[in-house]
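Subject: Structure for your study

Dear colleague,

Please find below the structure that I am handing over to you. I would be grateful if you kept it open while reading the notes that follow it.

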There are 2 protein chains.
Amino acid sequence: MATIGDVAKAAGVSRSTASYALSGKRSISPEVVRKVMAAVESLGYAPNAGARALATSQTMVIGLLVQFLQDEFAPAMLQYMLGVSDVARELGYDILMVTEPDGAKALKRITDQRMVDGVVLLNVADDDDRLPVLRAAQQPGALVGLPLDCTGLDVFDLDFAEAGRMMVDHLAGLGHREAVLVLQPEHVLQRGAGYVRRLRDAAVAEAALRGLALHIEYGEAQQPAVGAHLVDLLDRYPQATGLLLHNEAAAAALPSVLHARGLQAPRDLSVVGRYSDEFARTFSLPYSSIESAPDRLGRLAVRQLVRRIEGPALQEPYVARLLQPELVDRGSTAAPLA
Amino acid sequence: MATIGDVAKAAGVSRSTASYALSGKRSISPEVVRKVMAAVESLGYAPNAGARALATSQTMVIGLLVQFLQDEFAPAMLQYMLGVSDVARELGYDILMVTEPDGAKALKRITDQRMVDGVVLLNVADDDDRLPVLRAAQQPGALVGLPLDCTGLDVFDLDFAEAGRMMVDHLAGLGHREAVLVLQPEHVLQRGAGYVRRLRDAAVAEAALRGLALHIEYGEAQQPAVGAHLVDLLDRYPQATGLLLHNEAAAAALPSVLHARGLQAPRDLSVVGRYSDEFARTFSLPYSSIESAPDRLGRLAVRQLVRRIEGPALQEPYVARLLQPELVDRGSTAAPLA
DNA sequence: GCTATCGTTCGAACCGGTTCGACGATCTCA
DNA sequence: TGAGATCGTCGAACCGGTTCGAACGATAGC
């Protein structure tokens, strides 16, 4: 591989001149610039990333910490990742993807070794063990997912509390008096996934306010238990006229469950879900839902991260941005039969 | 951040001695090793990745080139990626994930700049434009997906031809005489995705051999067209007693289509698909299918890649490994009604 | 007692960039 | 015409590791 020394030699100038000709950080005569460019072209020169990182202490790489938990819905994760990757490239950064189960250790490794200029953490839990490491690191970080304590960090997430209120409001507004909310499996909550709690608590509070009897159920993670649980639900709450789903697996399984029982939405049951538009599209789900664009969260996180990387001087206050959810009406809800 | 110079100073030795104490590449007295280790510990020293890469010309990073094409089934992609990421970490490598649409350009960038020690290409097409770049690069690469010409490259893929034969054999063996094969949308084929062609051609040849009338159909990519197409199919081939699916979207949509028409598998129609076990599990698909573990392909590719990275001397012949598919019987096929 | 050997350590060079200070040439203006 | 500013370029130092060759003292061999 050609080095900048080779380029300089071929152009008949010193290494520093070649460097300045390429970076434009000092004025160099057009003549020399032309010769350097020609040399770069003919030698196929590309700067060595390691050497440049050493000299500038900038890697132009962003770390992306993903955690694949068995009970998370994987395709949604992919959406976040693509958003992150897209924007990073637009801004000139590459992505170092880390999927190790021990995220804290991995984060320490890539920041300590200066492999990256900053990191994006996906799947942040209430009391995420990566946060102390991130705070101690000399590098900026952006979170997707709202932890309990987010001081000193930039955080992006969907406003799950608002989503919970919206679902309840929607059904209550149509006149429903009793409904079931199917959440993620209980161990997701126990693991510290705050979004489940936030949606649940807001939904419960709103239901109390609106006079809706809301039954809380924690769904199953794996088929066929998911379907069985739904069937069981329908038996246990015969009076319920509304079904709220915050559980992708349950949403995917519901059509055939209803089919099998001869039920139709919204005729026999009003159904409203909470999942990403991508998910709804892939499965062609016929249910109204509170949607979010996970890639958008990824994009926002990277934009903010790069702002911090490139303007370390600016001690902007940290942001905690909660995106407003949106209800997409697919006609699966209606006023209950008297 | 502490450098090795700081460690050396703290331990009262020279930089080179500190380096050797850590790497063990020369014998160093136990006494000194202990002091160096203590210094590392107390200073929190971690070697700078850029500096090390510069000195050793090894980055300990593997490039992962992913292409997200609209009509590919994204979750499967994730499986490949996780397999790659897992094994890479086991072997001490990190992953630089690149998702740019222009894969050839991206590949050139990361290899020319020596950001990686080698690359894994996912989604390799018949005449992939990344291959010339890879062949010209000074770095080893491994492919997941079989291109037309794979000389000089290590390739891993499922044996789609065998999968096609297995599906046909299975139905023919049960006594079916007429069946429909639903493939990926036609533009997937035109884009150069060889696996569709290989499965199709092998299925057609085997059908001819076994005396099965096989109708070839190219499915739709997006809902609700997918479902409509299936409905249309059932009308157009009333004599067909078998349905072969090589199209995830169609497989996901089929249960409700059959339901709506009051058809049951295998009573009215024998169904056999071709998709990953992960996919079958997520959607709880009740169909027998030819399964593959995409993460296994990713793992194999990385293992082979690392072998080449670390033993560049060994000019082992290049491997083209096609995994044997496996038919998982879920009872959705039976002998046709006389 | 002198030399050969070995184990241990050090100094210096190198990897390939970037950047600072200096220097000569040209230009400006008094 | 000479002082001072400006422009373009160069040499050298530096980033933080690794590695080669040499030097050192201690031990072994004769």
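Which residue in β2(B) is the bridge partner of Ile95(A)? In this predicted model, the partner is Met97(B). The pair belongs to the contact between strand β2 (residues 94-98) of chain A and β2(B), which are joined in the antiparallel sense by 3 bridges.

The strand β2(B) also has a partner within chain B. Strand β1 (residues 61-65) of chain B runs parallel to β2(B), and 5 bridges join the two. One of the pairs is Val61(B) with Asp94(B).

How many of the 5 residues of β2(B) are buried? The count is 5 of the 5, so the strand is largely enclosed by the rest of the structure. In a regular strand the side chains alternate between the two faces of the sheet. In β2(B), Asp94(B), Leu96(B) and Val98(B) lie on one side, while Ile95(B) and Met97(B) lie on the other, and both faces are covered.

The two chains

Chain B is superposed on chain A by a rotation of 180 degrees with 0.0 Å of shift along its axis, and the RMSD is 0.1 Å. That is the relation of a two-fold axis. Of the interface residues of chain B, 100% are also interface residues in chain A, so the copies meet through the same surface.

A pair of helices in chain B

Two packed helices are described by the angle between their axes and the distance between the axes. For helix α5 (residues 74-90) and helix α14 (residues 294-310) of chain B, the angle is about 35 degrees and the axes are 7 Å apart. The crossing of α5(B) with α14(B) is right-handed. The contact has 8 nonpolar, 3 polar and 5 charged residues. Among them are Tyr80(B), Val84(B) and Val87(B) from α5(B), and Leu297(B), Arg299(B) and Val302(B) from α14(B).

A sheet in chain A

An open sheet of 6 strands in chain A has the order β7-β6-β8-β9-β10-β12, with mixed pairing. Its edge strands are β7 (213-218) and β12 (326-328), each of which pairs on one side only. Neighbouring strands of the sheet are turned by 20 degrees against each other on average, direction ignored. Strand β6 (residues 178-183) of chain A pairs with β7(A) in the parallel sense over 6 bridges, and one of the bridged pairs is Val182(A) with Glu217(A). Helix α12 (residues 248-261) of chain A packs on this sheet, where it touches β6, β8 (242-245) and β9 (270-274). The direction of α12 makes about 140 degrees with that of β8(A).

Points in the backbone

Most residues other than glycine have a negative phi, and most peptide bonds are trans. Where do exceptions occur here? The peptide bond from Ala265(A) to Pro266(A) is cis, with omega near 5 degrees, and Pro266(A) is in the loop between α12 and β9 of chain A. In chain B, the bond from Ala265(B) to Pro266(B) is likewise cis, with omega near 5 degrees.

Asn123(A) has a positive phi of about 65 degrees and belongs to the loop between β3 (118-121) and α7 (130-136) of chain A. Arg114(B) has a positive phi of about 55 degrees and lies in the loop between α6 (103-112) and β3 (118-121) of chain B. Asn123(A) is buried, with a relative accessible area of 17%, whereas Arg114(B) is partly exposed, at 26%.

Yours sincerely

Methods. Residues numbered from 1 in each chain as written. Chains lettered and ligands numbered in written order. Predicted model: local features only at pLDDT ≥ 70, side-chain atom pairs only at ≥ 80, totals over all residues. Heavy atoms only, no water. Least-squares fit on C-alpha atoms with pLDDT ≥ 70 in both. Contact = heavy atoms within 4.5 Å. Axes fitted to C-alpha atoms, helices over the stretch in contact; angles between N-to-C directions. Helix = DSSP H or I, 4+ residues; strand = E, 2+ residues; numbered from the N terminus. Left-handed = near helix turned anticlockwise from the far one by under 90°. Nonpolar A, V, L, I, M, F, W, Y, C, P; charged D, E, K, R; others polar. Buried < 20%, exposed > 50% of the residue type's maximum accessible area, 1.4 Å probe, protein only. Pairing = 2+ DSSP bridges.
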